[in-house]
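I opened my notebook to look up a few things in this structure. Here is what I went through, entry by entry.

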Amino acid sequence: MNRDPSLVPPLDALALLDGLLDPFFIADGEGRWTYVNGPAAALLGTTPPELLGRPLLEGFPGTIGAALHEVCRLVFQTGQERRFEVGCSQTGLWVEGQARPYADSVAVQLRDVTERRRTEERREALLAITRALAAAGSPAQALQATLELIREALGAAGGVFWPLPQEGKGTLPVQRVGLNLQLADAVLTALVQEAGEGPDGLFLRQEDAAALAPKPSVQALAVLPLGPEGERRGGLILHFSQDRSFTASEQEFLRFLAGQLTQTLRRLEAIEASERVRQALDQERARLWAILDQMPVAIWIAEMPTGRLIAGNRAIERILRHPFRASQDTEHYSEYVGFHPDGRRYESSEWPLARTVRTGERVECEEIEMERGDGTRGFVQYASTLIEDEHGNGPALAVVTGVDVTEQRELSATLEQRVTERTRDLLRRNEELAAETAALQAFARFTELTGHETNLEVLTQAAAQLLHRALGDGSTGYYELQGNLWKQGPWDGDMEPATLNAAQAGFPADLPLFAQPAATREPLFVDEWRQSEHALAAHTPEYGALAVYPVTVGGKTIGQLAAGLRGKTRWSERDRAVFRAVGRALSLAAERADLTRTLNAQKEELAARSRTLEAFAELGRDLRDPELQADPLWLVRRAQEILLATLPEGYVVYAEPEDGLWRFKVQVGDLRNSELQAAVEAGLPFESTRNLWLPWHTQQPFYQDSYDTGTDGLEQLTGHISATATLPVLVNGAPRGVLAVALFGSPNGTPRHWSGTDRVVLETVVRSLGLALERSEGAQALAAKQRELEQANRDLEAFSYSVSHDLRAPVRHISSFAGLLRRAVADQPRALKYADVIEASAARMNTLIDGLLTLARLGSGEVRKTEVALGDLVEAVRVELAPEAGERQIEWQVADLPTVRGDPTLLRQVLQNLLGNALKYSRPRDVTRIEVWAERTGHEHVIHVRDNGVGFDPAGESKLFEVFQRLHTPQEFEGDGIGLASVQRIVSRHGGRVWAEGRLGEGATFSFTLPA
């Protein structure tokens, strides 16, 4: 028995209380234990004797003892029974009970409701977690909320969600609540993996947790896997700061929460995936509508099976000029107004989309006249069809498209109109082609004739006949301009006698009927001729229509083809085409005939020229004979023979004026009149013989196609002469004589005329004769010059011999006797001085003789030309002149010099003279500057030598290159006056020139040229 003897119930009641399963105790008025049964002591973890007499506050832990003490006090004071439920947050212990008065004490019966309270708390926590999971918008939010609520429900120090990577899925984020669990990532991963090996999770108390977390902050762990086995997404880890065990209900609670969280994560991930799909779908839908809005075709989309219009693109407003109008079903399609071809309005059920929705009909290319939003009307072509559900559950949508064909219909109408007009044009063109065919046939027949016929009269007659046959009743004629009248020549057809007489007599050239085509070179067609204003209409009433075609050659109207129609008053296209074709063919034939005549004339002229040139080529070969060149009259005779061979029968004479008469120097051909021959041989008066005087005076040819016998005053002697031509023979631009050609008349009396070919031959021969005479005179002058040169060379050779032998001997004698004299008067100073003068003069005389001989040889010796490098030659001369320069300060400036063709010995002498003079005449200068350079001008090289010496007076420049001419005295500068003359002669023999420029005291520049 566990009781206080002073405060105990009766014996039978105590036995009953000790047998209770629920805790029971009795407390006195001071709140001390007076009775405690076994279950009550077990609840507190002690025995009844240890509790008796002690205050309630010491027995129950924390807030429970205070709460029970307060309950007992109230019951004791009030004497009323009280029910209560109290708990301790530190221990988690919850009890409920009933306290009632018992004698002077309070009897309290308790029941341990800790498990119930925990179950309720877990239920509340589960409800809160469920609401939180339902409200979570993402996996991270769900994990965070779950950790917070579980930690609070179980009193954990902290929690963490640790993810595991899973192939094919994204990794969830790490989430932490409360105190941070200070474990390595590898340890956390290992815990989650171990917990995931089974379905129950992992629960560790202090002794197991210490091995993982040595720090005392972790006394217990609970690890719950998330996700089905084999697909673990991670785990929830709860850590506790106090050691504790996990009841079966707590473990089941945690596993349930883990399963619910797994489902929530799946749901949220599915929602996120669905949202991504939805966003992608929205983007695709936006793109689709953007595409549809850009399409030129109006599109309506309706739901099946109601036909409710749910969407339409922007083209609807552009085509119908009002925005898309939604309709609930096909009965409301009447909001769109359309009309049948007969004007009836479309009923709702008649619209293509309505028929497609109701019956499944596929409508194609149905045109409906629509009333547009702005009140106007236009045509729209509709096509509608069904769109099947993607799962094969039947039609889901119906679509109709509309194309604005208003402009197309207008264009079609315009096209039909144009086709009609084109058809009429083609029919008219066919008529024109038929007429053109007839014209071509006529042209073909006429072309066959024009292909070989060049006689214009034959051609015009054929054209008149062809036109008459082609045009029918009427007449055709060809007119030529004779003076101021257009006269009809060849004609064909029916002409009234009066009209024929008038046409052959001629019509005035200024008559518009003929003047207009002649001026414009375009055909003139006159319809309704009788009513026209033409002057001839009243005189030719037999014609109903008239036309004139100008025939042109080289752009000039040479004739006109006229045609009159009797039975017609208008020119049809066919008749016009035939008339034009024949007119064009006649013009082309006339052009061809004219061209043929021109070509024949040119051919004859060319042949005559060729014969003349051949003859003169032979004459040119003959001119190489010196004996022939010396006889000018022989050249004249040859020219006359050439002319007579190329002209008809006649004669040719050549005359020159002498002493007031024309003297005939050469004659070829018989004059056929002895008296005329005698007059010619005696000579004819200079001025009165006009046939010769005119060309002599004018220096131009004088032609007479019909010789006027009074021209020369020989009327009685020249009756047999038909034509004459007289031409001046010019030598060096001045008349030398006159060549006269006379042609006899033909046996049948036909006069002869000077053709263009004849004139060309005559003028060519005379011009060539003048040139030949010039060459002959030149050859004679050259021969005379050659003879003079040969004589000069012989004289020069004789002079050289005389100088060498005749002059040198006296000079040697003078020099020898001067030496003897010196020895004879050795004691007479005055006589010795005279002897010195005699010897010096003899020496100078020898020098002059050497210079003359050298100059003579330069003019007669052969020039042997080779390639000469002037630069090397100048350098060699500089070396030779070095001793002469001595110790003087000399600045040589020698530029690049060309290589030329010349005699190297002679060119060396030129440079020796020029460079030697430059050294000599610059001797007074402290510093001598000598420049040598060259330049190319055209076909020659110019070489310059400049010095800074004493120069020369420009007035004496002309004497520089003359023999023995010097501009300085021997006392100033030594020399013999031969050097520059030698330079000029050598350069001249090389085909060059030499000159000098200078001023006194300013130096001099000597220049010479050589062919390049």
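First, a term for my entries: I call a residue buried under 20% relative accessible area, exposed over 50%, and partly exposed in between (1.4 Å probe, protein chains only). The model is predicted, so I kept in mind that local features need pLDDT of at least 70 and side-chain atom pairs count only at pLDDT 80 or more, while totals for chains, interfaces and linings use all residues. Residues are numbered from 1 along each chain as its sequence is written, and side-chain values use heavy atoms, with hydrogens and water left out.

**Entry: salt bridges**

I took a salt bridge as a side-chain nitrogen of Lys or Arg within 4 Å of a carboxyl oxygen of Asp or Glu. Side chains of opposite charge can pair when their charged atoms come close. Searching the whole structure, I found 37 salt bridges.

I looked up Arg358 and found its partner to be Glu331, with 2.4 Å between the closest N and O atoms. Arg358 sits in helix α12 (residues 352-359) and Glu331 in the loop between α11 and β13 (338-339), so this pair ties together parts 27 residues apart in sequence. Helices (H or I, at least four residues) and strands (E, at least two) are DSSP runs, numbered from the N terminus. Arg358 counts as partly exposed because its relative accessibility is 42%.

Next came Asp293 and Arg314, whose side chains meet in a salt bridge at 3.6 Å, N to O. Asp293 belongs to helix α10 (residues 248-294) and Arg314 to the loop between β12 (309-312) and α11 (315-320), so the pair links distant parts of the chain, 21 residues apart. Arg314 is exposed, at 58% relative accessible area.

Is Asp575 buried or exposed? I noted it as buried, at 1% relative accessibility. Asp575 bridges to Lys568, with the closest N and O atoms 2.8 Å apart, and Lys568 is partly exposed at 34%. I also noted a network: salt bridges that share partners join Asp22, Glu96 and Arg111.

**Entry: helix α19**

How far apart are the end C-alpha atoms of helix α19? They are 22 Å apart, which agrees with the 21 Å that its 15 residues (632-646) should span at 1.5 Å a residue. The expected span is 1.5 Å times one less than the number of residues. Among the buried residues of α19 I listed Leu635, Val636, Ile642 and Leu643, and also Arg638.
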